[in-house]
Each structure stands twice: as C-alpha cells, then as structure tokens.
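Trainee: I have a protein model open on my screen, and I would like to learn how to read it. Could you take me through it one feature at a time?

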Amino acid sequence: MKKLSRKKKIRYAAIALALLLLIGGACYTVLIAPYLSQEQWVYIETEVVRGTLTTGMEESGTLEYGISTIEYDLDLSVTTSDADDDDDEETVEKYLKVEEVYVASGQRITEGEAVLKFTDSSVSDVRKLLQSALVDARSDYAEAESTYELALLEAQTTYDTSMISQSYASEIYQYATSSVSDNITSLQLEISQLESETASLEEAVTEAQESLNELLADYDYSALFELYEGTMALIEEDGYIENTANYMQIIELYESRMNSYNNAVSAVEKAEEALQDNLDQIEELESELAQAQAQASIGEMQAAQTYESSLLDGEYAETTYNATVADLKEDLEEAAGTLEEIQDQIDAFEAFVGDDGIIYADGAGIITSVGYEAGDTLTGTGTIISYAPTSDMTISIDSTQEDVVSMTVGDTVAVEFTTYPDETYEGTILSIDTTATSRSSSTISYTVVIGIGGEEEALEKLYGGMTADITFVTEQSEDTLYVSRKAVVTEDGHSYVYVLSNSGEYELQEVTTGLSNTSYIEILSGLEEGDIVYIASTVSSLEEVEDTSTDTDSTSDTTTASDSGEFNIEDFNMGDMNMDSMPSDMGGGR
C-alpha cells in the first residue's frame, strides 16, 4: 500500500475537520438551539426575616484621618540680672536632650504608651535653672511689694496734704498777704520810733557838748597842763621836790580837772555814738521797708498763686493719687507677672516631662511621623510625633441640593467599607456646608462631613483612603418582617408571594406590604418570621440562569435591612433553583 505524502495528510485532516464542524453546527441548529430558545422558569428560595428596615440615599466617599500631634513648645529661657548692675540682663537657657525614642512611623499606639524619653541630666539641668529663676523672681516680687507699700503710703500722704491745703487755702492766702502787710507796718513803726528818739539823742549830744564847752570856758586847761608837765619833769630830773605838798595839790588838781574833762568828752562821744546808731538803724529799716514794699506785690502774687495751686491740687488730688497708684501697681504687677510666668514655665515643664522624663501618648492611633531621634537636643519648638487618632475619622461627600435638605447635623447614617463588606459602622453627620461646591446650572452640591464611630477594636481596622458607602436613612421601620423585593408579585393592586404548597407546586399567596426599598419590602400581614417564599423568574439558557443566581441589587437608591438572619441574594447557588416549567395559568398550582 502506497504511503500518503505529508502534504496530503494535512489536506485530508483539514477536510475532516471542516466536515466535523459542519455536522456539529447542523446538530446544534436542529437539536439544541430550539431547546435553549424556550423560556424556562426558575424559583429562588428566600426567607422572611425580622429586623429593622430602612430606606434612604446612598453616597460613596473615602475615609480621611484627622491628624493630632504631641508638640514640644516649652519656653525654657530665663532672664537673669547682673548682681552689680540691675540693668545688665542676660538670657539663659538649658535644653532637653533625647535619650531614646520608643515609636516609629506606621506604628499603632494606645493612649498612655511611652513615646520618648529625655536624659536625666538634661531634665535636672533645666529644672535647676527654672527653680533658681523662681527664687529670684520671688525675691524681686517681695522687694517690689515692699516698695509699693511704701510708695503707696507716700502717695496717700501727698493726697491728704493736698486735700488739707485745699481746705485751708483761703486762710493761708490771707495769712500770707497779711504777713507782708504786717511786716511793712512793723518796719514803719520801728522807723517812726527811731525817728522820734533822734531828736532826744541830738539834744543829748548838744547838752554834752555844751557841758564840755562850759568846762573848757571855766578853766584854763592849757596852763594847768603846762604846770603839771613842769612838775613831773622836775621830779624826773632831781628825784624829789622841796615843796611836796604844793606840788601834790597841783597833781591832784590836774587829775581832778582832767577827769572832769575826759568825762565831758566821753559824754559827748557816747551821745554822738547813740545818735549815729539811731540814724544807722533808721537807714537800715528804711532800706528793708523799701524792699518790703517792693516785694509786697510779688509776695501777694505768690500768695495768690499758692492759693490757686492749692485749690487745683485739691481738685486733682484724687486723679493724681489714682494715677500714682496705677503706676505703682504696674510695677508691682510686672514683678508679679514675671513670678507667675516663671511659675507657669515650671508647671508646664513638670507636666511635660513628668516624674520620669518620659513623654506618653495622649491618644490612640497610627503614627504618621516622628520628629526626633536619640541624641537630638530640643533647642526650639517642634512636633514630637504626629498620629491619626481613631476617634477622628471622617468621610466627606458631595450631596445634591435635593438630598441635602433632608439631612440634619447629628443624624445617624450607616457606613459600609468595601474592604469589610460584612460589617456596618455607625456614622454621624458632623457638618453640612451651606456654600455650594458647584454652581453650574445642571449640578449644585454641598459638602457633608460624616464622623465614624464604633468600638475601638473595629475602628483600629480602618485606614485612611478606604472606600465606603454611606446610607442616609430617610425612613425606618423597626422590629418588622421583610423579604426580598423580588419575591413580591403585584397583580390588580394586590401583592402576592410564591410559596410551595403541600403538593410540591408553587402557588401565589396574598400579603400586605409596607415600607420598601430597592432590595427589600416590608410584610405587614400574610407571612410569619422564618417562612420560605420564592423569587420566580424566566431564563432562556443555563448561562442566564447562572447570571440570575448571582445578580445583585442596584445601589442607585440603596437601603439596608439588618438582622441576624438577613437575606443576601449572593448567598444563593444553583442548588436552590427549580427548573420545573411555570404552570400555564398565573395562579400556578392554586
């Protein structure tokens, strides 16, 4: 037998394949296609459950974290004064140093967890600096307080003096003016008295001079003097005088006459001296009188000014006193402010470092950044850590003007995250922006911010950026029966559901319905909790039957139904379907 060539083998194989496809196509057209084109009825079992049925609007958004921080913002600088010069001030500052950091970015922390520790030496240095500054501030305040009290007493004294001066201003003025007048009068009186004495003094001088003249006229004093001088010369020359008694008479006469003469001359001189003293006093008093009269107008003006000044001082005494007290208080308050400021620095420092120099987390969340590492010195303010707290998670959505009017701040919403489809979180509307985010003619929307709540354990599973579906409840029925909306058939204004009869056939049973949404409908009567009803539908192929079994509800106007036995269309499988044909009448097996 002759072998076929390779080329012929390929050709025959192609022909055989073509014949096979032709035969297969003919069989599908004649035998299979007509069967698949026929409508088939399927029944999907579902259960009547009890729970809360809600209806509302659904929006989608992404989870956003608020950021909290632990800040280092202490002012550890203090101002010290040079002991020798109070005006020479110097700013001194000590710094905290990081010994160890216990956390890292991305780590979850709990409230009270250790974050960072400072070195004991740096904490001690800062504490000593602040305590020393506190001691100085207390000393300065005590000194300022003492100065204030003393100055306040002086101000009170000045005030009292001003008020007294005002009350006696008129008397003081009268005394000052009358005192000038009295002084002039007194001078004039003294001058008059001295002038009246001048005449008698002049008369005394005249009388003394006349007595002297009479004495000189009655006796030749020149001859007597010559006789006396000659006698004294003989005594000196010879040492003796023969007629001693005679000469003794001469000497006695001389001395007697000379005493009379000297007395008369002395009386003249004294009279003249008294007269001159009198004239000098008159001249001096007249000079004083002239000055007093010249100063009289000035003194009166000064007295008037003093009077006016006393009145003004009295009028403004209270204002001056209050201003003085205010200035004194300002100085005292400045010292008190410095003391309080340093005390606040110490309080803030102690609250910050605590007893152990460790910073602890003030909340729970995910750390987003760490600002320091071991060995760093905190020379300025900064963020120690930033973290996203589980208590501050929000979702922002844009809601249309038609929907936003039915929302109120504080309303509760249902939140489902795509990552956790079997869990529902409770949300609360925190704010509704009153300013439209879009003003186009076709779309006007408003931003609605929703806060996420729940157990800490559940919240810790959430991360920023997760997608969520939010349902805004507009109507709700609690502790009610409900079933899949697809299970209810409406006919002539009545509602029915398919149930399985005792004979094994599907029949329609009338029910009364209430609240409904795109997924579920409330059953007011006609069924009990746990009853089984069926969703009836037609399909044209096995492929469509499978599609029907995995179909999900539309979410354009979604509501939720919550219960431990909640029905979910996605839970059905092909084993739940009955492929029996639908009875010819709509009543099925009734």
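What follows is a conversation about confidence, strands, cores and a few single residues.

Trainee: What should I know before I start?

Mentor: This is a predicted model, in which local features need pLDDT of at least 70, side-chain atom pairs count only at pLDDT 80 or more, and totals for chains, interfaces and linings use all residues. Residues are numbered from 1 along each chain as its sequence is written, and side-chain values use heavy atoms, with hydrogens and water left out.

Trainee: What does the protein average in pLDDT?

Mentor: pLDDT is the predictor's confidence in each residue, from 0 to 100. Here the protein averages 76, and 71% of the residues score at least 70. Where pLDDT is low, the predicted coordinates should not be read in detail. Keep that in mind for residues 541–590, where pLDDT stays under 50. The model has 103 contacts for that stretch beyond four places in sequence; a contact means heavy atoms within 4.5 Å.

Trainee: How many helices and strands does the protein have?

Mentor: Both are DSSP runs numbered from the N terminus: helices are H or I with at least four residues, and strands are E with at least two. By that count there are 9 helices and 23 strands. Among contacts between residues at least 6 apart in sequence, 76% join residues at least 24 apart.

Trainee: In what order do strands form the open sheet?

Mentor: Strands of a sheet pair through backbone hydrogen bonds, either parallel or antiparallel. We say that two strands pair if DSSP finds at least two bridges between them. In this model, 4 strands form an open sheet in the order β9-β8-β6-β11, with antiparallel pairing. The edges are β9 (358–360) and β11 (377–378), each with a single partner strand, so one side of each has no neighbour in the sheet. Look at β8 and β9, which pair over 3 bridges; there, Ala114 stands opposite Tyr360 in β9.

Trainee: Which strand does a hairpin join to β14?

Mentor: That is β15, reached through 2 residues. Strands β14 (residues 412–417) and β15 (residues 420–432) run antiparallel and are joined by 5 bridges, and Ala414 has Glu426 in β15 as its bridge partner. On to β16 (residues 445–453): 6 bridges join this strand to β15, again antiparallel. Thr428 has its bridge partner, Gly451, in β16.

Trainee: Which side chain makes a polar contact with that of Thr447?

Mentor: A polar contact is a pair of N or O atoms within 3.5 Å; within protein, one must be able to donate a hydrogen and the other to accept it, and residues adjacent in sequence count only if both atoms are side-chain atoms. Thr447, placed in strand β16, has such a contact of 3.3 Å with the side chain of Asp398. Beyond four places in sequence, Thr447 also touches other residues, including Ser396, Ser431 and Thr437.

Trainee: Which residues touch the most other members of the largest nonpolar core?

Mentor: In soluble globular proteins, nonpolar side chains tend to be buried together. A nonpolar core is a set of buried Ala, Val, Leu, Ile, Met, Phe, Trp, Tyr and Cys residues joined through side-chain atoms within 4.5 Å. Buried means under 20% relative accessible area, exposed over 50%, and partly exposed in between (1.4 Å probe, protein chains only). The largest core has 33 residues, of which Leu96, Phe118, Phe349, Phe352 and Ile384 touch the most other members. Among the elements that each supply at least two residues are β6 (96–101), α2 (120–167) and α6 (317–353), and α2 gives the most, with 7 residues. Apart from this core lies another, of 27 residues, among them Tyr65 and Met466.

Trainee: Is Leu96 buried or exposed?

Mentor: Leu96, in strand β6, has a relative accessible area of 0%, so Leu96 is buried. Among the residues it touches beyond four places in sequence are Phe118, Val126 and Phe352. The C-alpha atoms of Leu96 and Val126 are separated by 7.3 Å, though these residues are 30 apart along the chain.

Trainee: Where is Asp492 found?

Mentor: Asp492 is in the loop between β18 (488–491) and β19 (494–500). Its phi is near 55°, a positive value in a residue other than glycine. Asp492 counts as exposed because its relative accessibility is 70%.
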